[in-house]
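Visitor: I would like to learn how to read a model like this one. Please take me through its features step by step.

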Amino acid sequence: MHSPDAIAAEARRQRSGHLALGVVQVCFALFPIFGKLAFEDGAFSPLAVGSWRMMFASTTLLVAALVVHGRKALPAVRDLPWLAMLSFLGVTANMVLYLEGLQRSTATNAALTVCLIPVFTFAIAAIAKHETFAPMRVVGLSIALFGASMLFWAERPDLASAHALGNFLMSLNTLSYAAYLVLSRPMLKRYPPLVVIAWVFVLSLPWVPFIAHGEVLVPAAASSRAWGALVFILIFPTSLAYLLNSFALSRLRASTTAVYVYVQPLITGFLGWLFFDDEITVALLSAAACIFVGIYLVSRRPSGAAVRAAGSAEAS
């Protein structure tokens, strides 16, 4: 039997984990909003924002990993090629596709496509023989993908043509990140989550010169509002969100985090309507309903990969 003190201590750990996860979801839900503000009037390009995020997160997360884990934060040389591949999938391709897509679509659509991460993760894990294709999960996967496809063909013709490329790029972003989540499992068994995240960002740095080539990282015409949006993105949806996510996962079961990711579209959709006049169309509501139903069917009995996707939804 556990002592009352041990039970109380565990309850405090659980509460702190829930609080951290709540903050993480708010940070990620606000990312599309502040991304749009950073893009306003051509202040920052998507690739410039991505470059800033890679450089800032690499520094802050590596320092945090070294402070928390010391020498254990240094991976074995034999693991660096695998970590470099994870870095390309989970950071470089993930960020470039997401930010380029966000610029060409709406904040609300961005939040909806992020919800495809757990679904894609389950599909990839099943193909890799990490999961089995249970009939109800296949149905859920099909419903969610149908809902996502509605963002391409069911909106008003003018909206569909305007957002199609952006929605497609963000869908590729979720696929890239889902592949990262499945393939990161061996590393997460060897190293703490914070160490893996830190080195995934550090190993993205060699791509920065290619991504930032021709981009203006310090635009003279950027307003104080655009700079403020960039600073917010670097601190909250980047470093703080990843740090708090690692903190929460050390205190809660992974399955507990599954429900939190679905709060993001509600926050982003409301703020997108409030600040950018994003139109709430029937097609958008229908797509959201299909995606939520599909995700529920896929993740109602959380699998390892699907739960990790839901708990780590960082499409960004």
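Predicted model: local features only at pLDDT ≥ 70, side-chain atom pairs only at ≥ 80, totals over all residues.

Visitor: What share of the residues is buried?

Guide: Of the 316 residues in the protein chain, 54% are buried.

Visitor: Which secondary structure elements does the protein chain have?

Guide: Helices: 14 of them, with zero strands. Read from the N terminus, the order is α-α-α-α-α-α-α-α-α-α-α-α-α-α.

Visitor: What part of the contacts links residues 24 or more positions apart?

Guide: Take the contacts with a separation of 6 or more. Residues 24 or more positions apart account for 90% of them.

Visitor: Now the packing. How are two packed helices described?

Guide: By the angle between their axes and the distance between the axes. The crossing is left-handed.

Visitor: Which residues make the contact of helix 2 with helix 9?

Guide: From helix 2, they include Arg 53, Met 54, Ala 57, Leu 61, Leu 62 and His 69. From helix 9, Leu 194, Ile 197, Trp 199 and Phe 201 are among them. By class, this contact has 14 nonpolar, two polar and one charged residues.

Visitor: And helix 3? At what angle do the axes of helix 3 and helix 9 cross?

Guide: Helix 3 covers residues 80-103. Its axis and that of helix 9 come within 8 Å and cross at roughly 70°. Angles of 65 to 115 degrees count as roughly perpendicular, so helix 3 is roughly perpendicular to helix 9.

Visitor: Which residues make that contact?

Guide: Helix 3 brings Leu 83, Leu 86, Ser 87, Val 91 and Met 95. Helix 9 brings Trp 199, Val 200 and Phe 201. The classes are seven nonpolar, one polar and no charged. Note that Trp 199 and Phe 201 of helix 9 also take part in the contact with helix 2.

How values were computed
Residues numbered from 1 in each chain as written. Heavy atoms only, no water. Left-handed = near helix turned anticlockwise from the far one by under 90°. Helix = DSSP H or I, 4+ residues; strand = E, 2+ residues; numbered from the N terminus. Contact = heavy atoms within 4.5 Å. Nonpolar A, V, L, I, M, F, W, Y, C, P; charged D, E, K, R; others polar. Buried < 20%, exposed > 50% of the residue type's maximum accessible area, 1.4 Å probe, protein only. Axes fitted to C-alpha atoms, helices over the stretch in contact; angles between N-to-C directions. Parallel < 35°, antiparallel > 145°, perpendicular 65-115°, else oblique.
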